[in-house]
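Here are my notes on this model.

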Amino acid sequence: MDIAVTPPWALRNAPAMDAEQFQLWQTLLEERTGMTLPAERKSFLETSLSTRMRELGLEDYQTYYAQLVTGASESRAMEWSILVDRLTVQETGFFRHPGSFALVKAFSRDFARRHAGGGTLNAWSVGCSTGEEAYSLAMVINECFAGARDKLFYGITGTDISLPTLARARRGVFPLRRVNRVAPALRERYFQHYDAQHLQVIATLRERVCFAHLNVLDLDQAPMENLDLIFCQNMLIYFRRWRKRQIVNRLAARLAPGGVLVLGPGEITDWQNDNLEREVYPDTLAFRRRV
C-alpha cells in the first residue's frame, strides 16, 4: 500500500505579515480591483497568499509581491488572475434574495405586457461570480415570456473580475446541494443530469446568458448600454463609500429609459441620481430610470 506523504511546507503556518507588507497588499488590491481589505481581514489575506506561495514554491510575501508587480507581463497577468480568484469572496446562490427576484418577475411580466407585439429584454448581472445569479434571472424571465416566445426575447450578460470563476459559470455545472435550493418545478425544467453529484443548466438556457470578464473599475469602457435590467448585489459592500457611488452612477448611465437597477438592500445609503427614481417594492433596493 502506498503511503501519502505530506510535503513539509504543507505543515507550516502562514508566515506573519508585518504592517508595512499588509499596507502594500491592501494598496495593490484596491488599486487594481477597487476592493478594500480591512485590518480584521489580515489573517484571511495571509492564509490566501501563503497557500498560493506554497504552490509556487515561494518563501516570503515580498518575493511574491515583486513577481506580481514586476514579472513578465503575460505570466504576471495570469498569476494575478489566479490570485484574484482566491481573494474575491464568491458567496452566491440561486435566487439568493427572494424579494429582488420577485421584483424582477413583476418587471418582466410588465415588460411582456408593454411589448406584446414583440421586443427584447436586455439584462446585466454585475459581479456574477459562478453564474447562479445570472441563471436565476434567466429562469425568471423565461417563465414570464413563456406565452410569447415567438415574439419576446431576452439576453443576459454576466460579468466578473475572476477568469476561473467565469469559466465555471459558462459550464453551468453545480453541486446538487446548491441546485436543491431551486423550486422543484424550475429545477425540473432548467437542469439536467451531469453526474452523481452535479446538475447542469440546460443548453437552451445557457445560450441566453453570455459571461464576460470585466473589472468594475473599467465600467466606463464596458460595451453594455440601453439595458432594461441591471442586477448588482453583494458586491458594493467591498468598496469605499465614494467608490460605491461612482460604480452605481456608471451603472445608472447604462439603463434604457424605464430600465431598472436592482441593488442589494443596505449596500448603499444616501445616494440619488437625477435620472432615476426609487422603485417602491417590498424588501428591495431598486431604482427606475425616468422616461
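1. Cys210 is partly exposed, at 44% relative accessibility. Here buried means under 20% relative accessible area, exposed over 50%, and partly exposed in between (1.4 Å probe, protein chains only). Cys144, at 17%, is buried.

2. This is a predicted model: local features need pLDDT of at least 70, side-chain atom pairs count only at pLDDT 80 or more, and totals for chains, interfaces and linings use all residues. Residues are numbered from 1 along each chain as its sequence is written, and side-chain values use heavy atoms, with hydrogens and water left out.

3. The structure has zero disulfides (a disulfide is a pair of cysteine sulfur atoms within 2.5 Å).

4. Now the strand. Eight of the nine residues of β8 (residues 255–263) are buried. Helices (H or I, at least four residues) and strands (E, at least two) are DSSP runs, numbered from the N terminus. Strand β7 (residues 227–232) runs parallel to β8, joined by five bridges; strands pair if DSSP finds at least two bridges between them. Ile230 has Leu261 of β8 as its bridge partner.

5. On to β10 (residues 285–289). Four bridges join this strand to β8, and the two run antiparallel. Val262 has Ala286 of β10 as its bridge partner.

6. Last, helix α4 (residues 73–87). Its buried residues include Trp80, Leu83 and Val84. The buried residues of α4 pack against α1 (19–33), α2 (42–56), α3 (61–70) and α7 (163–171), where contact means heavy atoms within 4.5 Å.
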